Amino acid sequence: MLNAQNDSNYYLQKYWGHHAFRPLQKEIIQSACNNNDTLALLPTGGGKSICFQIPALMKEGLCIVVSPLISLMKDQVANLNKKNIAAAAITSLLNQKEIEQIINAAFENQIKFLYVSPERLLNEVFKEQMANLNVNYIVVDEAHCISQWGHDFRPSYLKISELKNLFPKAPIIALTASATKEVIEEIKEKLEIPKCNLFRKSFERKNLNYIVLFEENKYDRLFKIINTINGSGIIYVRNRKRTESISRWLNENKMNATHYHAGMTIQLRQTAQQKWLNDEVQLMVATNAFGMGIDKPNVRFVVHLDLPENIEAYFQEAGRAGRDELNAYSIVLTTKKDILDVQSFCKTKIPTQAQINQVYQAICNYFQIAVDSGNGFVSHIDLYEISKAYQISTSIIFNAIKCLEREGYFQFLETHYEPSKIQVNFNKEQLYNFQLKNQSYDFLIKTILRSYGGVFNQPVTIKEKDLAYRCKISEFELIQKLFFLHKQKIILYEAQTGLPKLVFLHNRQNIKIEPLQLHNYKNLSATVNAKLASMVHYIESKHICRSRLLLAYFNETDYQNCNVCDVCLNNKKKSSAHYLELKNKIISLVSQDSLTIDNVIQSIYSKPNTIVEIINHLIDDEVLIINEQNQLEIKK
């Protein structure tokens, strides 16, 4: 047995430059080093990665890390490689040759960490290739994705337990930053680790000030927040177009901002993210597509201009502020209408069973999949094209696909970037004859053959800009030439795309004879509604400390008021002698006669805003009401 304590400190200092662990990190590492299956719950910014990276470095063999997002994998691989720790990721962006090179490197002990998507575990060939590797740990990052009670359920996560069968001696390390009691139990059940060591650091963030403001003029309030707090910030909205319009408005008002959403090309997303990470821009306006795996310590505030659909998503997004443990703010700007909007939006996330069947039929017909065929079929999918062809809204198509994914009919890979690829279809003799007859294409073909090995055998990844430079022509001219060669069937040319990808996991059913089995449909509806109700309760609550509300959601109840959230500050104000004096005067006046708010303001010597605020509190507390004559009176 390794001396985990001494070795872990050595690696912490050698690769991370730290002299001390954060709370619970050492205990989690010790558990893993003792070959225990381990489940760790740490808040966003709690240092989850170190909890599996150090044990893996201390032990011979390869660490397999299952991670849900390509961007998350790429960031972690890049960070490890910067520390001279060998790591690689197998993603859908790689061709078969590149995948084989990584697997061969793993067999030759040239890689210490191998990151894979959960969908990769559906590939039987991949599992056969991996079976003989010396694996020291199986790591499940974002482990809440395995639970149907979680906010981001991924059906492919259910396949992770098969790795346990492949590598029975490799302990599992599962990590998440958001899990309720039900989710924890399901993680243990689905990963088949009922006797795992559970480590749970409180989700309390003492440096994070939670604030909810009911505000009609959100832009004006946002402007004040940015000028008051200063520093780096994230502004979350639900709509892609709003990320662009708000970012534009901020820049027009001399605020340095950029935007990020899943509809942007991967290059534009990476550029925007990198500028923000490097503090070249102060503000990131984004949809919830942004943030997973972002390790920026100096975010001073996160503002939600639209309501999140559940506490888990909100808690993760809010938790991106103050990771350096200095004072930071999570601010929700909302209105009564926003609550109605998010309730309406969540209803659209649960299409009717008839709509799900309609979308299933439309997709099968669009791709010309015959009944009893199609298993394993893979294609990019343009939701707008299907919407136009079958007169179904894109939101219904998207949400129906997500339901069908939960039921195991499809695998849906959102924002699935594919680089451009080419493959030569002609043999060398046919290609030579074509070059003789078409001299204008001779140099291009020679350049392709010199630049890309194996182009006769399989599709190879290209960058049009680089190839155009080598051919001494414009990128536009190059693409025209490649499309011409594709039409002549001399080459296969697939231009890069950011469209999502759809994988058929079963043959097409004849639903007139055998209806689709929607086992999880009722559970989905109940889960979405319950989570939304918790979010609305958090927003509307005016008496319970916001930090305590959040902690109670995650089954933590033994905590004091934070004294810094808007509720605590209001309660503190309400208990002041001046406040109580004014409150009693207002109640006394209204008890004698029904009065308008203006009458009350004129009768009491104090700031009008303070009096209006107290009146609002008394209405919220159901002490006063406003009658039909728009007058205040005591509620009976």
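User: What volume of space lies in the second largest pocket, and what makes such a space a pocket?

Analyst: In this predicted model, the second largest pocket holds about 1,000 Å³ of space, a volume being what is filled by probe spheres set on grid points joined across faces, edges and corners. It counts as a pocket because it is an open set of points on a 1 Å grid over the protein atoms alone, with protein on both sides within 12 Å along at least five of seven lines, whereas in a cavity a 1.4 Å probe fits but cannot get out. Of the 32 residues lining this pocket (those with an atom within 4 Å of a point), the closest to its centre are Val 212, Leu 213, Phe 214, Asp 566 and Asn 570. The elements that each supply at least two lining residues include strand E8 (208–214) and helix H23 (566–574); helices (H or I, at least four residues) and strands (E, at least two) are DSSP runs, numbered from the N terminus.

Residues are numbered from 1 along each chain as its sequence is written. Local features need pLDDT of at least 70 and side-chain atom pairs 80 or more, while totals for chains, interfaces and linings use all residues, and side-chain values use heavy atoms, leaving out hydrogens and water.

User: Why is the pair of Tyr 360 and Phe 410 called stacked?

Analyst: A search of the whole structure finds 23 aromatic pairs. In the pair of Tyr 360 and Phe 410, the centres are 5.9 Å apart and the planes 20° apart, so it meets both limits: rings of Phe, Tyr and Trp (its six-membered ring) pair with centres within 6.5 Å, and planes under 30 degrees apart count as stacked, over 60 as edge-to-face and the rest as tilted. Because Tyr 360 lies in helix H14 and Phe 410 in strand E15, the pair ties together parts that are 50 residues apart in sequence.
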